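Me: I'd like to go through this structure with you, a piece at a time. Could you keep the answers in plain sentences?

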Amino acid sequence: MTISTAAASVSEPPPFARELLRWRTARRVSQLELASRAGTTQRYVSFIERGRSVPGREIVIRLAESLGLTLRERNSLLLAAGYAPAFAESPLDAVALKPVREALDSILEGHLPYPAVVAGPRGELVAANEAFDVLTEGADPALLAPPVNVLRLAPHPRGMGWGSPLLERS
C-alpha cells in the first residue's frame with residue numbers, strides 16, 4: 001500500500017505577472033492605485049500578479065495605459081500576456097513618417113551651430129546635424145562605425161571628448 005502526499009508546489013508566476021509587478025514597482029504605484037486607474041479591483045490586480053488570474057487583452061491594455069507605458073512597452077506587455085501587439089511600429093524612413101522625419105531634420109538644422117542628435121530607443125544614432133563632428137572629434141573610429149550608439153559613445157573613455165584638448169589624458 002502506497003500513500004501519496006500532495007506537496008504544495010509553488011510555481012513561478014507567468015511572464016506577464018512578473019512584468020506587471022516589475023512595471024508597477026518601477027512606477028511606484030500600489031496595487032490599489034493601479035486598480036483604481038485601470039477601472040478594476042485591487043484583488044484582481046493581486047490575482048494577476050500572483051498568476052492566479054489570466055487577464056484579457058483589454059485589461060492588459062488598460063493596465064499598461066494606467067502605468068503610463070510607451071506604445072512599445074505596451075506591445076511588450078501584450079506579448080508577455082500571450083497577445084499580439086496592438087500598436088504598429090514603423091521605421092523612421094517609412095512613407096507615413098515622412099512629416100516626422102522632415103520635422104526632426106528641421107529641428108536639427110535649427111540647432112546649428114550647436115551639435116544635436118536624434119537617438120532611437122536603445123541609443124542608436126538616427127540622425128545628427130553637421131556639428132555632431134565637434135562632439136566626436138578624436139573619438140575611436142571603431143565607436144563611430146555604424147550603427148553608432150550614442151549612449152555608448154558619450155561615456156566611453158575613447159568616445160566623445162577624447163580628442164578634446166580640455167581633457168587631460170593619463
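**A chat about the model**

Me: Let's start with Ser66: is it buried or exposed?
Reply: This is a predicted model, and in it Ser66 counts as buried because its relative accessible area is 12%, which is under the 20% cut-off.

Me: Where does Ser66 sit, then?
Reply: Ser66 belongs to helix 4, which covers residues 57–66.

Me: And which residues does Ser66 touch, leaving out those up to four places away in sequence?
Reply: With those left out, Ser66 touches Leu34, Arg37 and Ala38.

Me: Which residues of helix 4 are buried?
Reply: The buried residues of helix 4 are Ile59, Val60, Ile61, Leu63, Ala64 and Ser66. What covers them includes helix 1, helix 2 (31–38), helix 3 (42–49) and helix 5.

Me: What happens with phi just after helix 4?
Reply: Gly68, which comes just after helix 4, takes a positive phi of about 70°.

Me: You mentioned helix 1 and helix 5; at what angle do they pack?
Reply: Helix 1 (residues 15–26) and helix 5 (residues 71–80) pack at an angle of about 145°, and their axes are 8 Å apart.

Me: Which residues meet there?
Reply: From helix 1, Pro15, Phe16, Glu19, Leu20 and Trp23 meet Glu73, Leu77 and Ala80 of helix 5. By class, the residues of this contact divide into 6 nonpolar and 2 charged, with no polar ones.

Me: Changing topic, where is Val148?
Reply: Val148 lies in a loop, the one between helix 7 (132–136) and helix 8 (150–153).

Me: Buried or exposed, that Val148?
Reply: Val148 is buried, since its relative accessible area is 11%, again under 20%.

Me: What is Val148 in contact with, apart from neighbours within four places in sequence?
Reply: Apart from those neighbours, Val148 is in contact with Gly123, Glu124, Leu125, Leu143 and Leu153. For Glu124, which is 24 residues apart from Val148 along the chain, the C-alpha atoms of the two are separated by 5.7 Å.

Me: Last one: how much space lies in the largest pocket, and how many residues line it?
Reply: The largest pocket holds about 320 Å³ of space and is lined by 15 residues, with Arg72, Ser90, Pro91, Leu92 and Pro121 lying nearest its centre. The lining of this pocket has 7 nonpolar, 2 polar and 6 charged residues.

Technical notes. Residues are numbered from 1 along each chain as its sequence is written. This is a predicted model: local features need pLDDT of at least 70, side-chain atom pairs count only at pLDDT 80 or more; totals for chains, interfaces and linings use all residues. Side-chain values use heavy atoms; hydrogens and water are left out. Helices (H or I, at least four residues) and strands (E, at least two) are DSSP runs, numbered from the N terminus. Buried means under 20% relative accessible area, exposed over 50%, partly exposed in between (1.4 Å probe, protein chains only). Contact means heavy atoms within 4.5 Å. On a 1 Å grid over the protein atoms alone, a cavity is a set of points where a 1.4 Å probe fits but cannot get out, and a pocket is an open set with protein on both sides within 12 Å along at least five of seven lines; lining residues have an atom within 4 Å of a point. Grid points are joined across faces, edges and corners, and a volume is the space filled by probe spheres set on the points. Ala, Val, Leu, Ile, Met, Phe, Trp, Tyr, Cys and Pro count as nonpolar, Asp, Glu, Lys and Arg as charged, and the others, Gly among them, as polar. Axes are lines fitted to C-alpha atoms, for helices over the stretch in contact, and angles run from 0 to 180 degrees between N-to-C directions.
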